[in-house]
Structures are given as C-alpha cells and as structure tokens.
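This briefing presents one protein structure for study. Please look at the sequence and the model before reading the points that follow.

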Amino acid sequence: MQRCEICEANAVTVRWYEEKFAYGSGDDQVLLSAVVPVYECGECGEMHTGHEAEELRHEAVCRHLGRLTPHEIKAIRESYHLTQEKFADVSGFGVASIKRWELGNQIQGESANNLLLLLRMPHNLRLVQEANKKEAFQPTFRTKLSESTRQRSLVFKLRAPVTFEKAA
Ligand SMILES: [Zn+2]
C-alpha cells in the first residue's frame with residue numbers, strides 16, 4: 001500500500017471508477033466517460049486521481065472526436081524508428097506540434113489526423129518522402145543487407161546516370 005500524503009498512513013489503495021465528465025460547451029457539450037484509477041486512503045478517506053486519469057480522460061476525448069490518441073500517434077512514429085525531429089521532417093508537421101500531440105497537451109486537427117492515418121501505411125510515407133525529395137527512408141529489412149551490398153547498390157546508382165536518346 002502507498003503512503004497517504006495527508007495523514008501519512010500506509011493505507012492508500014487504488015480502485016478503478018467510471019468517471020463521467022462534460023466535454024465541450026453549449027449545444028456541443030457531451031458527457032463522456034472514462035474508467036480511471038482513484039487513490040483512496042483507508043485511514044482518512046482522502047481520494048484523488050493522478051496523471052493516469054488525466055491521460056485516460058484525454059483518450060476518451062480523442063475517441064469522441066474520432067482522432068488518434070497520443071499513444072497511437074507515438075506508435076506510428078516509432079513503427080518507423082523515427083525521432084520526433086525526423087518525423088517532423090518527413091511529415092511536414094512542426095516538431096512542437098508532434099510533441100504536444102504525443103504529450104496530450106493538444107489534439108490534432110482533422111486534416112493533421114487524416115495525414116497521420118495515411119502515414120500509418122509505409123507505402124504512403126514513402127510517397128510523401130519521394131514527393132518532397134527527402135532523404136531516403138531506410139526501412140528495416142527482414143533480412144539485413146550487408147554493408148558491402150548496400151555500398152555496391154550506392155555505387156551502382158552513381159555509375160548509372162540517366163541518358164536521353166534522341167528520337168529517331
Ligand atoms: Zn490518509
């Protein structure tokens with residue numbers, strides 16, 4: 001059991017509660033729910049939620065809006081083994097935006113969300129990189145190419161300049 005910050009008794013237990021909370025304002029306001037961990041002291045009765053609850057509420061809002069959650073965005077980026085800076089470079093998003101989305105400090109807009117969904121597919125990421133002539137993305141090969149093979153393919157490209165034949 002954890003220690004209570006109020007009465008200092010080692011009597012804090014965690015229980016999961018379904019929490020309802022209002023989201024939005026005016027006619028758009030909806031009641032959302034999230035199942036969150038609540039810390040409860042068996043000695044003094046003090047109850048509080050922590051950062052986990054904050055994240056779970058945020059995820060509920062994302063789901064309500066049909067947007068990817070912070071974890072899902074991070075998972076897309078990490079599936080390509082890209083840093084936030086590199087992902088910003090490839091996608092055209094600002095690195096500050098990516099940080100805010102992944103931390104749950106801000107929810108991405110609809111168009112950004114659509115692009116993120118498309119970038120989930122490696123084929124689309126390559127298309128975007130090719131269109132922007134960004135540094136070639138190195139996919140993780142199932143069979144690792146040896147360094148010498150990689151070097152040979154580079155040399156081959158350099159030695160094969162594009163030539164144009166005159167039309168007959
Ligand atoms: Zn207590």
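**Structural briefing**

Helix H1 (residues 51-65) lies across S1, S2 and S3 and runs at about 165° to S2. Helices (H or I, at least four residues) and strands (E, at least two) are DSSP runs, numbered from the N terminus; contact requires C-beta atoms, placed from the backbone, within 7 Å. Axes are lines fitted to C-alpha atoms, for helices over the stretch in contact, with angles from 0 to 180 degrees between N-to-C directions. This is a predicted model: local features need pLDDT of at least 70 and side-chain atom pairs 80 or more, while totals for chains, interfaces and linings use all residues. Residues are numbered from 1 along each chain as its sequence is written.

**Sheet**
- An open sheet is formed by 3 strands in the order S1-S2-S3, with antiparallel pairing (two strands pair if DSSP finds at least two bridges between them).
- Strand S1 (12-23) and strand S3 (47-49) are the edge strands, each pairing on one side only.
- From one strand to the next, the twist averages 40°.
- Strand S2 (residues 30-41) is joined to S3 by 3 bridges, and Glu-40 has Met-47 in S3 as its bridge partner.

**Helix packing**
- Helix H2 (residues 70-79) packs against H4 at an angle of about 130°, with the axes 7 Å apart.
- Pro-70, Ile-73 and Lys-74 in H2 meet Trp-101, Glu-102 and Leu-103 in H4.

How values were computed. Contact = placed C-beta atoms within 7 Å.
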